[in-house]
Amino acid sequence: MSASETAVHHATPTLPYGTGTLIVRLFGWFVLAIMLGFLLNNYLTYWQDFPGIAPLFGGTANAEPNATLSFIQLALYAALLLLAASYALSRNPGLRADSAIISGANTFFIRAAFYAVLYVGLADMVISFLRVEGLLDAVVGEELGGALGRSTFRGTYVHMPLIGLAIVTAYFTRELGFIWLSLLVVMAEFLIVIGRFVFSYEQAFMADLVRFWYAALFLFASAYTLLEEGHVRVDVFYAGLAPKKKGLVNFLGTLILGIPLCWTILWFGMASNRSVINSPLLVFEVTQAGFGLYVKYLMAVFLGVYAVSMLIQFVSYMLDAYADMRGDPGGRDHDVHAVQ
């Protein structure tokens, strides 16, 4: 979102709330609260061996049954829902302001993900190159060189600190970096071409790097593309609709298709320790190529990043669409300068 659009979101007056508007606002913040609770409980259950909330409802515990821990995990959902309700009921900044706040948080999340794949990709490429050329032990020592050959060590002590550094970097920057990531994908592919046809040199980590960055580019940019109305729309009647009817179409599409799709991905990807996202992540899964990048488990996480970022953006989009239905000023089809 541009600076002028953000300013409009915060500066334009808002119409008084009705019951329907309050319900929509509560629903949006509740969706985000439940998503955060789901992710935190997923970490507690599968990484910290908490039993999960399933035993409270007659299900099977993930670890040793412990009613106290299960109630703590259930209370986490309740606390987040209470916090969301408190915010929605106590403040009335306007639906468009809420939408801008949510989009801003999502932009930070995606920016951090971009820097994470940049740092991890470059670091893993260097380590893999040194390993395949037999130089790693000479550079870091035999003991550390052997440890870096284990995915659990490299993931824990190389990748995770770099991901933390990416979050810090994202806090101090404002650029999403998708153009640079696109350039890096092209450069990585160009390196393969030069290496193969000029120097007759090619290693598994080179192709892994292209796949790693390209997958990140494709999945991380989806939420930003939604924000900028860049996704392909089958436009038969939509272009000729009035702003309020466009808002209705966007609201129903988000509610019926967008949000349920994201929850489907999250549920099937993280519902158990054998799910498609959790399973590779828990064991730091790598490819069968011995000297490739150790990032296969992170590529499984990309699907979760996609679902989370799209879910956040769909909530923002839903609030903005409902504001269009209400006729609030500051929408995409209004003259931006007229309301500044």
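Let's start with D124 and R154: both of these residues are buried. Please keep in mind that we are looking at a predicted model. The two residues form a salt bridge with each other, and their closest N and O atoms are 3.0 Å apart. D124 belongs to helix α4 and R154 to helix α7, which covers residues 151–172, so this pair ties together parts that lie 30 residues apart in sequence.

Next, have a look at R25 and D98. These two form a salt bridge as well, with 2.3 Å between the closest N and O atoms. Which helices do they come from? R25 sits in helix α2, residues 19–46, while D98 sits in helix α4, residues 95–132, so the bridge ties together parts that are 73 residues apart in sequence. Are they buried or exposed? R25 is buried, and D98 is buried too.

Now stay with helix α4 and find R96. Its side chain meets that of D320 in a salt bridge, at 2.8 Å from N to O. Here distant parts of the chain are linked: R96 is in helix α4, D320 is in helix α12, residues 296–326, and the two are 224 residues apart. Once again, both partners, D320 and R96, are buried.

There is one last thing to point out around R96. Together with D320 and D324, R96 is part of a network of salt bridges. Thanks, everyone!

Terms used:
Residues are numbered from 1 along each chain as its sequence is written. This is a predicted model: local features need pLDDT of at least 70, side-chain atom pairs count only at pLDDT 80 or more; totals for chains, interfaces and linings use all residues. Side-chain values use heavy atoms; hydrogens and water are left out. A salt bridge is a side-chain nitrogen of Lys or Arg within 4 Å of a carboxyl oxygen of Asp or Glu. Helices (H or I, at least four residues) and strands (E, at least two) are DSSP runs, numbered from the N terminus. Buried means under 20% relative accessible area, exposed over 50%, partly exposed in between (1.4 Å probe, protein chains only).
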